[in-house]
There are 2 protein chains.
Amino acid sequence: MSSSFAPLQNDTFLRALQRQPTEYTPVWLMRQAGRYLPEYRAVRQKAGSFMSLAKNPDYATEVTIQPLDRFKLDAAILFSDILTVPDAMGLGLYFEDGEGPKFERTLRDEKDVLALQVPDMANLRYVFDAVTQIRQTLNGRVPLIGFSGSPWTLACYMVKGGGSKDYRTIKSMLYSRPDLMHHILRINAQAVATYLNAQIDAGAQAVMIFDSWGGVLADGAYQEFSLAYMREVLRLLKTEKDGVSIPSIVFTKGGGLWIDQLADIGAGAVGLDWTVNLGKAREQIGHKVALQGNLDPMALFAQPEQIRQQVKNVINSFGKPTAGSGHVFNLGHGISQYTNPESVTVLVDAVHEFSRQIRVD
Amino acid sequence: MSSSFAPLQNDTFLRALQRQPTEYTPVWLMRQAGRYLPEYRAVRQKAGSFMSLAKNPDYATEVTIQPLDRFKLDAAILFSDILTVPDAMGLGLYFEDGEGPKFERTLRDEKDVLALQVPDMANLRYVFDAVTQIRQTLNGRVPLIGFSGSPWTLACYMVKGGGSKDYRTIKSMLYSRPDLMHHILRINAQAVATYLNAQIDAGAQAVMIFDSWGGVLADGAYQEFSLAYMREVLRLLKTEKDGVSIPSIVFTKGGGLWIDQLADIGAGAVGLDWTVNLGKAREQIGHKVALQGNLDPMALFAQPEQIRQQVKNVINSFGKPTAGSGHVFNLGHGISQYTNPESVTVLVDAVHEFSRQIRVD
């Protein structure tokens, strides 16, 4: 099926992920399709709820494309949620206004945990349909990124049901019943790999694993309960489709202390948040993986000249790209819903301008 | 005045901070006097509010001593709040039930910022009175730690008024008006130093700077807006009182990536949260500073045997203390209010047991 898609006109993002030379640093933004855009809010209102937007391929396609019509972004990312997999397991994902995602049912005891199964991918058909439709609509403009939450990050929500300040519920299970924790994570890893492979089959040209909550774990626990299961996902992941490479990106928010280990689990690229020194990270792991990041999303609340300076700092921190290195510009976390879209224009244009400059300097 | 205090019976904590040999690893816990103790909750109820407890030296003394009567802790820490300084600046600190600290007035514009002044230490008399009374009541049992929030951490609350999910208000100021941010921080640094010096004069035998929110800053911004001002505090700090050394501890929560820089600003010890590998940290900076930490407070929600194992892991991770190294056992953050006090007994006894063992092994 994917062989019927139009040829790619801008492959800068994919080449950077594969540490091949590019004329400039490609840029996309986590949560680039979202509430900071008035045109997104209009579709969101039409759809009624976040989930009815996400589950409707027409709407999902429309909002995925929106930021590309405004900004010169070098990649599109499927509009969806990191928690679709546990939703498909029957936990009942929902969103309350102004709050994070929640589940109607959570894993409370051994019985719940042992009943857990890899979901029927038919329950996630709406995601794969959206991927194919987006890819068709993109018509080769830029590559499409598929994604999922990491096994650990999914588990955080599955055990607790919603966000948490101190992760007491999930960490209580981790420290007192590590056997149950591992059982959940084994199933999650298999589910995430199956899910991402189906996104690749449907047309995703790169995939990203969001380990949004790996950074709350203790050293030791991170390796055992998050890193190991991302490695397992990557082991099961397709690395090409119809002879074309499918690069993968892993991102542990708050995991800057562990990037040397994260670079060794088989992903092509490692995402970095703003606490990481990009230049040092390049020295450390830039010969093994491409780097993605890492501007503080709050820098977008400054004035245009200041935003340009912050972008320049990131570009300079990575330094002039050389053979075998790759940088994809991004924020260190999702863009804030309060961001002025004009500031994103400033950012995207500055990335292209300064990154062309540094290549000729 | 402090010369009238009783001689110290247990100086293990102070010796470890000064990287001198100790028979075992001393232990205290951040927030060891607090809501997880029923005897604390009784005093808190009697006092009415958190602030009326903190502002009454009798109550403050009583709750500071409580955990020492239950557990074989090697240090006491003044019962107070990290935000007393901005309260004394006139911002009106208060606590809503179940929520974090808030201020009635915040710094909203240039006018507010420029009006800010180092507070009259007379407004903080209740703190110094409590320090002296606690020191007298301790009667030499263990040393007393004084503390303050870091200049940056105080500023987070002063600009925003309360907790924040994305630090948008304070970071907007940081990125768009760095001049105002620096103005606040210069005043905070002077205020914190004056405040800690007055605590030392009143009887504090060690001081700790809590940079609870330094970890939310971007690399670069951390050095400029948090680290630099902790260095300034330390530059102004007394290092001895009546010929006795006063060790200092700095702790940036979430600052594991910057501990090499944190070890270079003049403090005697660096606090570590649970994301840091203690053994690696010792290799990195253990010859320059003592290390304090770093068990995940959530490990206390496991069963006794599991808590013992987690304690053992931390002790083993630091390894056998040798000349010129020092370790103070602590959690990587304040103890949770939901902790079972019995679990703290298990922890404290395990620290003493395993750390004696590793010294003879």
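1. Helix α8 (residues 151-160) of chain A is mostly covered, since 9 of its 10 residues are buried (a residue is buried if 20 or more other C-beta atoms, placed from the backbone, lie within 10 Å of its own, exposed if 12 or fewer, and partly exposed in between). The buried residues of α8(A) are P151(A), W152(A), T153(A), L154(A), A155(A), C156(A), Y157(A), M158(A) and V159(A). After α8(A) comes G161(A), with a positive phi near 95 degrees. Helices are DSSP runs of H or I with at least four residues, strands are runs of E with at least two, and both are numbered from the N terminus.

2. A word on the basis of these notes: this is a predicted model, in which local features need pLDDT of at least 70 and side-chain atom pairs count only at pLDDT 80 or more, while totals for chains, interfaces and linings use all residues. Residues are numbered from 1 along each chain as its sequence is written, and chains are lettered from A and ligands numbered from 1 in the order in which they are written.

3. The axes of helix α2 (residues 38-47) and helix α4 (residues 57-70) of chain A come within 10 Å and cross at roughly 170 degrees, where axes are lines fitted to C-alpha atoms, for helices over the stretch in contact, and angles run from 0 to 180 degrees between N-to-C directions. On the α2(A) side the contact is made by E39(A), Y40(A), V43(A) and A47(A), and on the α4(A) side by Y59(A), E62(A), V63(A) and Q66(A); two residues are in contact if their C-beta atoms, placed from the backbone, lie within 7 Å.

4. In chain B, T64(B) has its place in helix α4 (residues 57-70), and T64(B) counts as buried because it has 25 C-beta neighbours inside 10 Å. Leaving aside neighbours within four places in sequence, T64(B) is in contact with A33(B), A76(B), L78(B), F79(B) and I134(B). T64(B) and L138(B), though 74 residues apart in sequence, are 9.5 Å apart in space, C-alpha to C-alpha.

5. Chain B also holds an open sheet of 7 strands with parallel pairing, in the order β1-β4-β5-β8-β9-β10-β11; two strands pair if DSSP finds at least two bridges between them. At the edges stand β1 (76-77) and β11 (327-331) of chain B, each with a single partner strand, so one side of each is left without a neighbour in the sheet. Helix α7 (residues 125-138) of chain B packs on the sheet, touching β1 and β4 (144-149) of chain B, and its direction makes about 155 degrees with that of β4(B).

6. How are the two copies related? Chain A can be laid on chain B with an RMSD of 0.0 Å by a turn of 180 degrees and a shift of 0.0 Å along the axis, the copies being superposed by least squares on the C-alpha atoms of residues with pLDDT of at least 70 in both. The two copies are thus related as by a two-fold rotation axis. In chain A, the C-alpha nearest the axis belongs to L257(A), 3.0 Å from it.

7. The contact between the chains takes 27 residues from chain A and 27 residues from chain B. The largest share of the side of chain A that touches chain B, 5 residues, comes from α9(A). Because 100% of the interface residues of chain A are also interface residues in chain B, the copies meet through the same surface.
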